[in-house]
Amino acid sequence: MTSELPIPDFDQLPLGDLRHRIRSLGEDELRRVRDHEAAHGNRAPVLQVVDARLKELADGAEPSGGDQRNTPPVSGAHTEPPISPQHSPDDNTPLRHGVAGQTPARGRD
């Protein structure tokens, strides 16, 4: 469903990037973004930013120029994790404070 939104990679955008990218959207596009967010992530800060921009538009603000398709991709979006299971630590790595059932060292009080 994100592909139908006017902002590419919307669900992966940090709030700071979202604040800038929504400025080029008109009211109808912003309402689609808001409806998507309310139905999926329902992140309060994102809804607040979108609602604030909708109010600005209602008060006479104009969408800024720009085409959302020309924006740089979100870093880290749709990529593989940087660490593969082959490079993960073993499950049997002892805890820093010792192993369960281990007798405490003598001489320490």
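This is a predicted model: local features need pLDDT of at least 70, side-chain atom pairs count only at pLDDT 80 or more; totals for chains, interfaces and linings use all residues.
Residues are numbered from 1 along each chain as its sequence is written. Local features need pLDDT of at least 70 and side-chain atom pairs pLDDT 80 or more, while totals for chains, interfaces and linings use all residues, and side-chain values use heavy atoms, leaving out hydrogens and water.

User: Why is glutamate 37 called buried?
Analyst: Its relative accessible area is 1%. Buried means under 20%, exposed over 50%, and partly exposed in between, with a 1.4 Å probe and protein chains only. So glutamate 37 counts as buried.

User: And what makes asparagine 42 partly exposed?
Analyst: Asparagine 42 has 48% relative accessibility, so it lands in the in-between class. You'll find asparagine 42 in the loop between H2 and H3, and its phi is near 50°, a positive value in a residue other than glycine. Glutamate 37 touches asparagine 42, among others; contact means heavy atoms within 4.5 Å.

User: How do you know that H2 and H3 are roughly antiparallel?
Analyst: Their axes cross at roughly 160°. Axes are lines fitted to C-alpha atoms, for helices over the stretch in contact, and angles run from 0 to 180 degrees between N-to-C directions. Under 35 degrees is roughly parallel, over 145 roughly antiparallel, 65 to 115 roughly perpendicular, and the rest oblique. The two helices are therefore roughly antiparallel.

User: Which residues of H2 meet H3?
Analyst: Glu27, Leu30, Arg31, Val33, Arg34, Glu37 and Ala38 in H2 do.

Conventions: Helices (H or I, at least four residues) and strands (E, at least two) are DSSP runs, numbered from the N terminus. Lists of a residue's contacts leave out its neighbours within four places in sequence.
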